[in-house]
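Keep the sequence and the model side by side while reading.

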Amino acid sequence: MNRLSLFAIRNLRYKDILNVPYIEIKAGKVTCIMGESGAGKSTLLKMMNKMLSPDTGEIYYKDTSLEDIDSIQLRRKVIMLSQTPLIFPGTIKENLHMGFKLTKKDPVEDMALEQAIHKMQLEKELNDDSGNLSGGERQRLALARVLLMETEVYLLDEPTSALDEETELNVLDNFITEAKKKQASIIMITHSKKAIDHFGEEIIDLLELQENVKF
Ligand SMILES: Nc1ncnc2c1ncn2[C@@H]1O[C@H](COP(=O)(O)OP(=O)(O)OP(=O)(O)O)[C@@H](O)[C@H]1O
């Protein structure tokens, strides 16, 4: 495996959902995973931070099999933002602090929190209640929460699906710029052709990849 390899997946099978002969994902890149609804994209992403385990086959993170990496340790380095991110009852600030609480880190100062929500184009105050946010605002709050975390990889499952196209592209642009400053890699599921065209440095079409394999 070469030095730039982040994830390597070999002969992975899971139920009748995934049969993936080989995938290599490079470090430091924005990798977009595409494929029609039900192709198994979310299932694959969940395997990359051990929310799910394959029936057979192997997944390596930087040369080490996931079987040999503790789940909690892995999830500090490989953060997942799910398709329907959890927003906790309370203020925007409390929600942003939740990321630090869960990883047992000290929270950053308010100015950094404000910058994060501003970069994600969430025009709210830190003390605003998060209970009334729209679907798109919830996505942006969740993106700001993970953006504040120190990590090596962001796994993003349709992170901007509820946003209009212009906002989607601006938010992703800002997110990717910040992630690159931290030298973090991004693996993102998206149905947006525009997002893939603009930001995809590597593209995995899950349906095409599994076209000629038997389940
Ligand atoms: N734990 C599970 N057990 C059985 N079937 C499952 C499980 N999780 C997902 N599935 C099924 O596996 C298929 C792939 O689901 P998955 O969520 O990975 O697809 P996806 O490509 O992310 O789809 P979408 O673009 O609609 O989000 C679907 O048919 C789904 O119903």
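Where is the place of Lys50? Lys50 sits in the loop between α1 (41-48) and β4. The model is predicted, and in it Lys50 has a positive phi of about 65 degrees although it is not a glycine. Is Lys50 buried or exposed? It counts as buried, because 20 C-beta neighbours lie inside 10 Å and a residue is buried if 20 or more other C-beta atoms lie within that distance of its own.

Gln183 is found in the loop between α6 (165-181) and β8 (185-189). Gln183 counts as exposed, because its C-beta neighbours inside 10 Å number 9, and the limit for an exposed residue is 12 or fewer.

Strand β4 (residues 56-61) runs antiparallel to strand β1 (residues 5-14), and five bridges join the two. Within this pairing, Ile9 has Ile59 of β4 as its bridge partner. Strand β4 is also joined to strand β5 (residues 64-65), again antiparallel, by two bridges. Here Tyr60 is partnered by Ser65 in β5. β4 and β5 form a hairpin with two residues between them, and Lys62 in the turn has a positive phi of about 45 degrees.

Another set of strands forms an open sheet. Its five strands follow the order β6-β7-β8-β3-β9, and the pairing is parallel. The edge strands, β6 (78-81) and β9 (202-205), each pair on one side only. From one strand to the next, the twist averages 15 degrees. At the β6 end, four bridges join β6 to strand β7 (residues 153-157), with Leu81 partnered by Leu156 in β7.

The ligand comes next. Which residues are around the ligand? They are Lys15, Ile17, Gly35, Ser37, Gly38, Ala39, Gly40, Lys41, Ser42 and Thr43. This shell divides into six polar, two nonpolar and two charged residues.

What remains is the nonpolar interior. In soluble globular proteins, nonpolar side chains tend to be buried together. The largest nonpolar core in this model has 52 residues, of which Ile33, Ala144, Tyr154, Leu155 and Ile187 touch the most other members. Helix α5 (residues 135-147) gives the most to this core, with six residues. Leaving aside residues up to four places away in sequence, Ala144 touches Leu96, Ala116, Ile117, Met120 and Leu122.

Note on methods: Residues are numbered from 1 along each chain as its sequence is written. This is a predicted model: local features need pLDDT of at least 70, side-chain atom pairs count only at pLDDT 80 or more; totals for chains, interfaces and linings use all residues. Two strands pair if DSSP finds at least two bridges between them. A residue is near a molecule or strand if its C-beta atom, placed from the backbone, lies within 6 Å of it. Ala, Val, Leu, Ile, Met, Phe, Trp, Tyr, Cys and Pro count as nonpolar, Asp, Glu, Lys and Arg as charged, and the others, Gly among them, as polar. Axes are lines fitted to C-alpha atoms, for helices over the stretch in contact, and angles run from 0 to 180 degrees between N-to-C directions. A nonpolar core is a set of buried Ala, Val, Leu, Ile, Met, Phe, Trp, Tyr and Cys residues joined through C-beta atoms within 7 Å. Two residues are in contact if their C-beta atoms, placed from the backbone, lie within 7 Å.
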